[in-house]
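I opened the notebook to record what I looked up, one topic at a time. The entries follow the structure below.

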Amino acid sequence: MLSLTTLCSPNETAASSSYQPPVFRLRSYNQTLPPTLCSASDSVANQPKMSSPDEQDPRISKISSAIRVIPNFPKPGIMFQDITTLLLDTKAFRDTIDLFVERYRGKDISVVAGIEARGFIFGPPIALAIGAKFVPMRKPNKLPGEVISEEYSLEYGTDKIEMHVGAVQAGERSLIIDDLIATGGTLCAAIRLLERVGVHVVECACVIELPELKGRERLGDKPLFVLVSST
Amino acid sequence: MLVREQLTMSDYRDKDPLIHGIQSKIRVVPNFPKPGIMFQDITTLLLDPKAFKDTIDLFVERYKGKNISVVAGIEARGFIFGPPIALEIGAKFVPLRKPKKLPGKVISEEYVLEYGKDCLEMHVGAVEPGERALVVDDLIATGGTLCAAMQLLERVGAEVVECACVIELPDLKGRERLNGKPLYVLVESH
């Protein structure tokens, strides 16, 4: 098994030590996702940074420690959360998928939408396990068929994501998956795309949240579920 | 149906109902990305949970228990098929990406396109010497990208056991470009 120390320079190790484990408990759910789902999300912000180990699923700490932080990528000042090291840890990757599958199985979710490109890594295994279709949401001009597009703001300028016409039907229940939520701009655009065609977005699910960037608030009333919160 | 007119199957594969189901879910989009190209669209396959699962299962059956510790997937559609295979066979998943996407230290392999060049990258340290690897992509056309992927893995001392794709375009002779490396595909499209 590849040791993480071989991938980290001393700088990266120092950055990783600022890593905070997640602070919330994963609850079990009955058939319909109740409104308490939202308050579970709210309670994340109000809890202290460190929780006692038995308040979170024991798989979470291994997942969080398998994520590598790369300073100054893609530009100075940004601490990039690199999930590729998580994918090298077969148990941690398996656990990551299992945590999402346990949450969403049996909830009548027929669509898992994944955001290019890292959402393509986590979305399909979840979709396959819960019996849902996988719908890739892509940058412009990648999808070959007829598409609908949604524009969204970047720090400077705008970008667009696209989905194939006919991939989803009105009334379907959907998840949206990405590796990380930062400002929430891309996830918001994905929500709008699905809602425009009459799909009910049940929840957004990410491996990592950067809570300081307030992406959760940008999602408004849409629930967000994450495994790891990184400050 | 347009799909059936485009695809021809060997007798062996024609008898396999799973393969036939998978084949029938692939949509051909004419003149994408440019005139004259019949694009093999796998997104319609992903909309059929059974056919998508069958696709993965066929690869998993072939590779489980073969001591393969690495599944390398080529951005971006290789990211859809690679991870489910990796998870089922207990291998790590290694994304092979276009330039400047991977945040850490990388090795790069350049390859030739019809007009110009492109580059594929892999994180340093992702794969160790002696590991047995698969390379996964949705489709093999000329084989240029798959070749570059194999080069990356071999340069770090891994053994590429096989390349695996959902679709092959045999008229483009990609199989020959793989330098004798085995290629396994589910569907051929002429």
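**Entry 1: between the chains.** I looked for salt bridges (a side-chain nitrogen of Lys or Arg within 4 Å of a carboxyl oxygen of Asp or Glu) across the interface of chain A and chain B, and the rule finds zero.

Helices (H or I, at least four residues) and strands (E, at least two) are DSSP runs, numbered from the N terminus. H6(A) gives the most to this side, with five residues. I sorted the side of chain A that touches chain B by class and got 22 nonpolar, six polar and eight charged residues. Here Ala, Val, Leu, Ile, Met, Phe, Trp, Tyr, Cys and Pro count as nonpolar, Asp, Glu, Lys and Arg as charged, and the others, Gly among them, as polar.

In contact terms (heavy atoms within 4.5 Å), 36 residues of chain A meet 38 residues of chain B. The area buried between the two chains is about 2900 Å², and carbon and sulfur atoms give 70% of it. Buried area is the accessible area (1.4 Å probe) that two parts lose on being put together, summed over both.

**Entry 2: what I am working from.** I note that this is a predicted model, where local features need pLDDT of at least 70 and side-chain atom pairs count only at pLDDT 80 or more, while totals for chains, interfaces and linings use all residues. Residues are numbered from 1 along each chain as its sequence is written, chains are lettered from A and ligands numbered from 1 in the order in which they are written, and side-chain values use heavy atoms, with hydrogens and water left out.

**Entry 3: the sheet of chain A.** I traced an open sheet of five strands in chain A, ordered S4-S3-S7-S8-S9, with parallel pairing. S4 and S9 (224-229) of chain A stand at the edges with a single partner strand each, so one side of each has no neighbour in the sheet. The twist averages 20° from one strand to the next. Two strands pair if DSSP finds at least two bridges between them. S3(A) and S7(A) run parallel and are joined by four bridges; A:Ala113 stands opposite A:Ile176 of S7(A).

H5(A) lies across S7, S8 (200-209) and S9 of chain A and runs at about 155° to S8(A). Axes are lines fitted to C-alpha atoms, for helices over the stretch in contact, and angles run from 0 to 180 degrees between N-to-C directions. Inside H5(A) I found A:Asp98 and A:Arg94 four residues apart, about one turn of the helix. Their side chains meet in a salt bridge of 3.2 Å, N to O. Over all chains the count comes to 31 salt bridges.

Entry 4: Which way do S5 (147-153) and S6 (158-164) of chain A run, parallel or antiparallel? They run antiparallel, joined by seven bridges. A:Glu151 has A:Lys160 in S6(A) as its bridge partner. Four residues lie between the strands of this hairpin, where A:Gly157 takes a positive phi near 95°.

**Entry 5: A:Arg173.** I found A:Arg173 in S7 (173-181) of chain A. Its side chain reaches the backbone oxygen of A:Lys107 at 2.9 Å.

Entry 6: The peptide bond from A:Glu116 to A:Ala117 is cis, with omega near -5°. A:Ala117 is in the loop between S3 (111-115) and H6 of chain A. In chain B, a cis peptide bond joins B:Glu75 and B:Ala76, with omega about -5°.

Notes: A polar contact is a pair of N or O atoms within 3.5 Å; within protein, one must be able to donate a hydrogen and the other to accept it, and residues adjacent in sequence count only if both atoms are side-chain atoms.
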